[in-house]
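Please find below a colleague's note on the structure under review.

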Amino acid sequence: MAVDLLLGLQWGDEGKGKIVDVLTQKYDVIARFQGGPNAGHTLEFDGIKHVLHTIPSGIFHPSAINVVGNGVVIDPIIFKKEVDELAKYISNIKERLVISRKAHLILPTHRLLDAASEASKGKAKIGSTLKGIGPTYMDKTGRNGLRVGDIELNDFEERYRNLANKHVEMLSHYNVDIQYNLAELESEFFEAIAQLKTFSLIDSEEYLYQAIKAGKKVLAEGAQGSLLDIDFGTYPFVTSSNTTAAGACTGLGVAPCHIGEVFGIFKAYTTRVGSGPFPTELFDEIGEKMTQIGREFGATTGRRRRCGWLDLVALKYAVQISGVTQLMMMKADVLSGFDTIKVCTSYSYQGEEITHLPYNIEEQNVTPIYTEMKGWKQDLTSIKQYEQLPKELLSYIEFLEKNLEVPITLVSVGPDRTQTILR
């Protein structure tokens with residue numbers, strides 16, 4: 001049995017949480033493979049909005065086991081808050097959730113280092129969520145990090161103290177004023193560690209191997225978006241992990257030969273949170289309208305998302321590097337009411353028209369070239385069948401499929417899990 005992947009194809013916030021929730025009924029195991037509490041996967045059903053940061057989005061389905069994989073970084077404090085909130089709706093969460101011993105831990109001092117590093121950059125800041133993600137991955141690659149499995153060891157507190165002391169020394173070298181009470185932060189941290197120890201801690205690569213061998217259906221859930229990949233994203237304005245398909249193999253210990261379908265999620269337009277280049281960004285009333293109708297404010301940070309037209313050059317790049325086999329278009333309903341829909345189909349790059357993503361897409365190097373299409377006026381939010389969509393939207397979908405050379409098999413017309421049209 002193969003492992004299917006679900007990836008965001010833009011700069012994050014594509015709607016992965018909703019789609020995992022929709023697809024979970026078809027899977028036995030949902031496995032998160034990278035990122036940390038910088039993710040904000042929003043699920044909306046029964047009139048209630050849920051935001052998940054660390055826990056996989058299949059947690060609301062009683063038949064699915066949810067795995068936090070080795071590629072994830074976990075903040076025990078945020079994890080505890082998330083579990084406590086979910087306990088209002090799920091009585092047996094510990095039966096549905098298992099955690100890899102090889103996942104790395106975010107310490108309070110990682111968050112302090114993140115804040116100090118970002119503050120020291122001034123105007124050159126990268127737009128970090130300040131959750132300690134980057135410093136934790138730095139410790140991981142620097143072979144200094146603490147992992148979930150370490151909390152089972154007798155000398156965990158000693159290991160913690162050695163690393164925390166190193167971080168405090170590093171903080172003293174930043175020429176910024178970061179106020180903190182480490183004793184208070186550590187008290188909350190160790191209380192959260194105590195709760196983390198009550199969960200099933202597993203050797204996730206063996207767990208998933210046996211699940212695949214037993215014929216169970218596994219869905220790997222990505223966080224952030226492909227254009228934030230540490231290698232293939234718009235560096236340095238990226239996250240600290242591999243958000244593309246390859247990250248699922250290293251973040252779960254799944255061999256490439258076991259990868260099946262690769263579902264790629266994208267919005268009908270484009271958004272970005274924080275700093276970094278964004279060729280199709282809109283600074284006019286159209287961009288503002290997208291922001292307000294689409295409720296484009298970050299689930300994790302609350303920051304306003306930058307909005308722009310769909311960028312097919314960047315989207316095709318993301319499809320190619322992950323080998324996407326099926327596309328899922330989100331928030332088609334947000335574009336209702338625009339007289340004209342624009343799609344960026346190529347760039348003017350240093351005097352030449354190109355259709356591939358170049359090394360640098362800063363605005364001084366890249367100018368988007370658009371194809372214009374007729375918009376649609378209908379309210380899509382109550383439509384249940386694909387054939388009922390307005391002909392202009394059907395033309396839009398067909399145009400995207402032709403350019404991306406991958407079928408669009410799902411169209412979302414609202415935030416609720418029921419507002420989902422399968423082709």
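The points that follow concern a predicted model and take up strands, a helix, cysteines and salt bridges in turn.

1. E3 runs antiparallel to strand E4 (residues 48-52), to which five bridges join it. Within this pairing, histidine 50 of E4 stands opposite leucine 43. The two strands form a hairpin with two residues between them, and aspartate 46 in the turn has a positive phi of about 55 degrees.

2. In helix H10, which spans residues 285-293, the buried residues include Gly287, Met290 and Thr291. These residues lie on the same side of H10 because they cover an arc of only 100 degrees around the axis. Strand E13 (306-308) is what the buried residues of H10 pack against.

3. At its start, a side-chain oxygen of aspartate 284 comes within 3.1 Å of the backbone nitrogen of isoleucine 286. Just after the helix, arginine 295 adopts a positive phi of about 50 degrees.

4. How many disulfides does a search of the whole structure find? The search returns zero. For cysteine 257, the closest cysteine sulfur is that of cysteine 249, and the separation of 8.8 Å is too far for a bond. Cysteine 257 is exposed, at 65% relative accessible area. Cysteine 307 is likewise in no disulfide, the nearest cysteine sulfur being that of cysteine 344, 16 Å away. Cysteine 307 counts as buried, with 2% relative accessibility.

5. The whole structure contains 23 salt bridges. One of them joins lysine 267 to glutamate 296, with the closest N and O atoms 2.9 Å apart. This pair links strand E11 (residues 259-267) to the loop between H10 and E13, across 29 residues. Both partners are buried: lysine 267 has a relative accessible area of 1%, and glutamate 296 has 0%. Lys267 and Glu296 also belong to a network of salt bridges with Asp13, Arg305 and Lys331.

6. A further salt bridge connects glutamate 401 with arginine 423, at 2.7 Å between the closest N and O atoms. Glutamate 401 lies in helix H12 (residues 391-404) and arginine 423 in the segment after strand E20 (420-422), so the pair ties together parts 22 residues apart in sequence. Glutamate 401 counts as buried at 18% relative accessibility, while arginine 423 is partly exposed at 44%.

Technical notes. Residues are numbered from 1 along each chain as its sequence is written. This is a predicted model: local features need pLDDT of at least 70, side-chain atom pairs count only at pLDDT 80 or more; totals for chains, interfaces and linings use all residues. Side-chain values use heavy atoms; hydrogens and water are left out. Two strands pair if DSSP finds at least two bridges between them. Helices (H or I, at least four residues) and strands (E, at least two) are DSSP runs, numbered from the N terminus. Buried means under 20% relative accessible area, exposed over 50%, partly exposed in between (1.4 Å probe, protein chains only). The arc is that of the directions from the helix axis to the C-beta atoms. Contact means heavy atoms within 4.5 Å. A polar contact is a pair of N or O atoms within 3.5 Å; within protein, one must be able to donate a hydrogen and the other to accept it, and residues adjacent in sequence count only if both atoms are side-chain atoms. A disulfide is a pair of cysteine sulfur atoms within 2.5 Å. A salt bridge is a side-chain nitrogen of Lys or Arg within 4 Å of a carboxyl oxygen of Asp or Glu.
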